[in-house]
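Welcome, and thanks for taking a look at this one with me. Below are some numbered points to read alongside the structure.

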Amino acid sequence: MKINYKVGMSAIILAILAGLSGGITALYYQLNEFLPLLFQIHDQTAAINIFQTHARMMVFFVLQPALMVAFGSWFFPVLIGSRNFAFPLINILSIILLWTGFFFNFFSFFNSETGLMSLISLVFWSIGSVLFSINVLVTFINNRGQDIKYYSIPLFAWMHVISASFLLGVGSILLGILTRDYFNYNMQLDWAISQTVKNFVFPMVVVLILPSFGILFHIFQTISENRIKSDKILLIGITTAFSLLLFLFWNKSIFTEVYFQTDSFVNIETIFAVGLYGLICVLSIFALNLFKTGLKNVSTPMLWSLGCLFLLLFAWPYKGLIQGIDQIHSTLTYAIILSIFAGFYFWMGKIFGKQYSESLGISHFVITMIGIVLTLKIIPLGRNTVFWGDIFMGLSIFVFQGVIINAIFYNVVKPVANYWGKGAITNEWKLPSPMFTANKQNR
């Protein structure tokens, strides 16, 4: 197995473990409000610590490793005609750093004085992310296949390149601010770290939204047997310009204490959210047009993709208008998680050499969507709405485990190289399933 496949598999395991630990603690935190006798949190400091550690776990050690390191390591080199990343050893170092940061963040669940451990975990994450971003950019420029032109590279790879460019800046700035926090706020490190994470939420959302759309475009183009042709360069240009403006806007605000002379409603978060929603609308129009004009094959990956677009286009603006702009991050997080599951089901045969049960995959999607809608109170059902949402989200975890067990032990038919039909024309579908057996078959 090539190094990039090993790194990708390690990142998948990291995302699953971090997701389970973060999801279970979040469920415990929510159930504490409804069943305090069974799920009791003794003091407010511990409750705040669980909430903040869960947020760091999901953003930095679930979403980013799954989207960029896992799927990126598996498919980015293949899609640009490269055998591997430019610096395979740096790829290994980046995943080691991410695992180290995960362990520090995980242990902070059990200690209310978590400032130093949180800082160390974010330092490891920042260094690992910067190294991975450099690897992606150098690979894209220097290791691209000789017969691969820039305009022919799939949007999945382009979105990774744009996202890696901004992650390089975000990770570098985060390192500098963490250094400032340690030396200037050593006696108030818990507070300083919580403020730093809050300030980096919006740029991290932009970094994560782009590869999410890369997955959605890849799924829509493959399953719908449709392509973005003449508008592809336009789409890449719009995405780059929008993202660059948002990044420069955030970069200016992060180094100035006075953001804008505006009233309390139109603040920096509102302006950033409006710009981000504009980018999401543009990308969603292109994605939905592929579905509208292409083959209507509503399979499991397509359902997860459509669910992601529903949350991005309708759920989080609704939540922002009703509950406040600072409440939209959870909706965006759920949308990104849906895109990860879409990619997981789409490429499951390529990664594991096992295929999922369509009925179980659809059941997993339905239960998860019900849990998300109730947890976010998109459809309010009284004071116990969130409680029932937590129940469905917990059930979703068990159903996903059932999907994995069924694929490993009961679905014995090995998937063919191209199991998505005529629309699967990118390079990964020319390799056997699973992809890491290609070298063995060529010997």
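1. A residue is called buried here when its relative accessible area is under 20%. By that cut-off Phe132 is buried, because its relative accessibility is 1%. Please keep in mind that this is a predicted model.

2. For the overall picture, the protein chain has 14 helices and zero strands. Of its 443 residues, 56% count as buried. Among the contacts in the chain with a separation of 6 or more, 81% are between residues 24 or more positions apart. The chain exposes about 19300 Å², and carbon and sulfur atoms supply 67% of that area.

3. Aromatic rings deserve a look, as the structure holds 39 aromatic pairs. One of them joins Phe85 and Phe132 in a tilted arrangement, with 5.8 Å centre to centre and 55° between the planes. This pair links distant parts of the chain: Phe85 sits in the loop between helix H2 (44-79) and helix H3 (88-107), while Phe132 belongs to helix H4 (residues 115-142), 47 residues apart. Phe85 is buried too, at 2% relative accessibility.

4. Phe344 and Tyr345 show another geometry: their ring centres are 5.7 Å apart and their planes meet at 85°, so the pair is edge-to-face. Both Phe344 and Tyr345 are buried.

5. How many salt bridges does a search of the whole structure find? There is one, and it is formed by the side chains of Asp181 and Arg180, at 3.0 Å from N to O.

6. Next, please turn to helix H13. This helix has 25 residues and reaches 36 Å from its first C-alpha to its last, close to the 36 Å expected at 1.5 Å a residue. Its buried residues include Thr385, Phe387, Asp390, Met393, Phe400 and Ala407.

7. Finally, have a look at the surface, where Ile405, Ile408, Phe409 and Tyr410 form a nonpolar patch with about 480 Å² of accessible area together. Tyr410 lies in the loop between helix H13 (385-409) and helix H14 (438-442). With a relative accessible area of 64%, Tyr410 counts as exposed, because the cut-off for that class is over 50%.

Conventions: Residues numbered from 1 in each chain as written. Predicted model: local features only at pLDDT ≥ 70, side-chain atom pairs only at ≥ 80, totals over all residues. Heavy atoms only, no water. Salt bridge = Lys/Arg side-chain N within 4 Å of Asp/Glu carboxyl O. Patch = residues over 30% accessible without salt bridge, like charges linked within 9 Å, V, L, I, M, F, W, Y side chains within 5 Å. Areas by Shrake-Rupley, 256 points an atom, 1.4 Å probe, with all protein chains shown as cover. Helix = DSSP H or I, 4+ residues; strand = E, 2+ residues; numbered from the N terminus. Buried < 20%, exposed > 50% of the residue type's maximum accessible area, 1.4 Å probe, protein only. Expected span 1.5 Å × (residues − 1). Contact = heavy atoms within 4.5 Å. Phe/Tyr/Trp six-rings, centres within 6.5 Å; stacked < 30°, edge-to-face > 60°.
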